[in-house]
Amino acid sequence: MVRPFYPGGDYEAFEYPDGCCVVDNPPFSILSRIQEFYLDHGIRFFLFAPSLTSFASSRVCMRVTHVLTNAGIVYENGANVKTSFVTNMGGDVVAESEPDLTRRLNEVAKRLR
């Protein structure tokens, strides 16, 4: 597992080891561009995505799996965002709900408040 999204990081120049999987919280403002890069370069990913706009990009919408949760995550910048995930490891599934993951994430978020 690798996490290329850190302050000053450049996900396009990051050294991705063979067989790695990106599990990270990327900048939501360029999420579709990031997904496209990973899809084009054969890099596996499981990325945080805002639930409200996870289907917004027509270029990648049908090429990834949207793991839908209703997790209320408060990010470091103070934003409270209902969060889901996008991945290219879901086969031909475009969307799936994950109520157990939602419950677990909300339990953790509650403990952290």
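Let's start with D100, which counts as partly exposed because its relative accessibility is 36%. Salt bridges with shared partners tie D100, R103, R104 and E107 together into one network. One of the links in this predicted model is between the side chains of R103 and D100, with N and O 2.5 Å apart.

What does T102 touch, leaving out residues up to four places away in sequence? The answer is L68, T69, N70 and A71.

## The chain as a whole

Now zoom out. The chain has two helices and five strands.

How does the radius of gyration compare with that of a compact globule? For 113 residues, a compact globule would come out near 13 Å, and the chain has 14 Å, so the two agree. Along its principal axes, the C-alpha trace spans about 35 × 35 × 25 Å.

Buried residues account for 38% of the 113 residues. The accessible surface of the chain is about 7000 Å², and carbon and sulfur atoms own 54% of that. As for how the chain folds back on itself, take the contacts between residues at least 6 apart in sequence: 48% of these join residues at least 24 apart.

## Helix α1 and its cover

Helix α1 covers residues 31-41, and its buried residues are L31, I34, Q35, E36, F37, Y38 and L39.

After α1 comes G42, and its phi is positive, near 65°.

Side chains of opposite charge can pair when their charged atoms come close. This chain carries 11 positive and 13 negative side chains, and the centres of the two sets are 10 Å apart. How many salt bridges are there? The count comes to six.

One of them joins D24 to R3, with the closest N and O atoms 3.1 Å apart. This pair links distant parts of the chain: D24 belongs to strand β1 and R3 to the segment before β1, 21 residues apart. Are the two partners buried or exposed? D24 counts as buried because its relative accessibility is 1%, whereas R3 is exposed, with a relative accessible area of 56%.

Another salt bridge brings R63 and D40 together, the closest N and O atoms being 3.5 Å apart. R63 is in the loop between β2 and β3 (65-74) while D40 is in helix α1, so this pair ties together parts 23 residues apart in sequence. D40 counts as exposed because its relative accessibility is 54%, and R63 is partly exposed, with a relative accessible area of 41%.

## A stop at V94

Last, have a look at V94. Where is it? V94 has its place in the loop between β4 and β5 (95-97). V94 counts as partly exposed because its relative accessibility is 23%, and the buried class ends at under 20%.

Leaving out residues up to four places away in sequence, V94 touches F55, C61, M62, V64, T65 and H66. D18, on the other hand, is 76 residues from V94 in sequence and 25 Å from V94 in space, C-alpha to C-alpha.

Note on methods:
Residues are numbered from 1 along each chain as its sequence is written. This is a predicted model: local features need pLDDT of at least 70, side-chain atom pairs count only at pLDDT 80 or more; totals for chains, interfaces and linings use all residues. Side-chain values use heavy atoms; hydrogens and water are left out. Buried means under 20% relative accessible area, exposed over 50%, partly exposed in between (1.4 Å probe, protein chains only). Helices (H or I, at least four residues) and strands (E, at least two) are DSSP runs, numbered from the N terminus. The radius of gyration is taken over C-alpha atoms; the globule rule is 2.2 Å times the number of residues to the power 0.38. Contact means heavy atoms within 4.5 Å. Accessible areas come from the Shrake-Rupley method with a 1.4 Å probe; for residues, only the protein chains shown count as cover. Lys and Arg count as positive and Asp and Glu as negative; His and the chain ends are not counted. The place of a charge is taken as NZ of Lys, CZ of Arg, CG of Asp or CD of Glu. A salt bridge is a side-chain nitrogen of Lys or Arg within 4 Å of a carboxyl oxygen of Asp or Glu.
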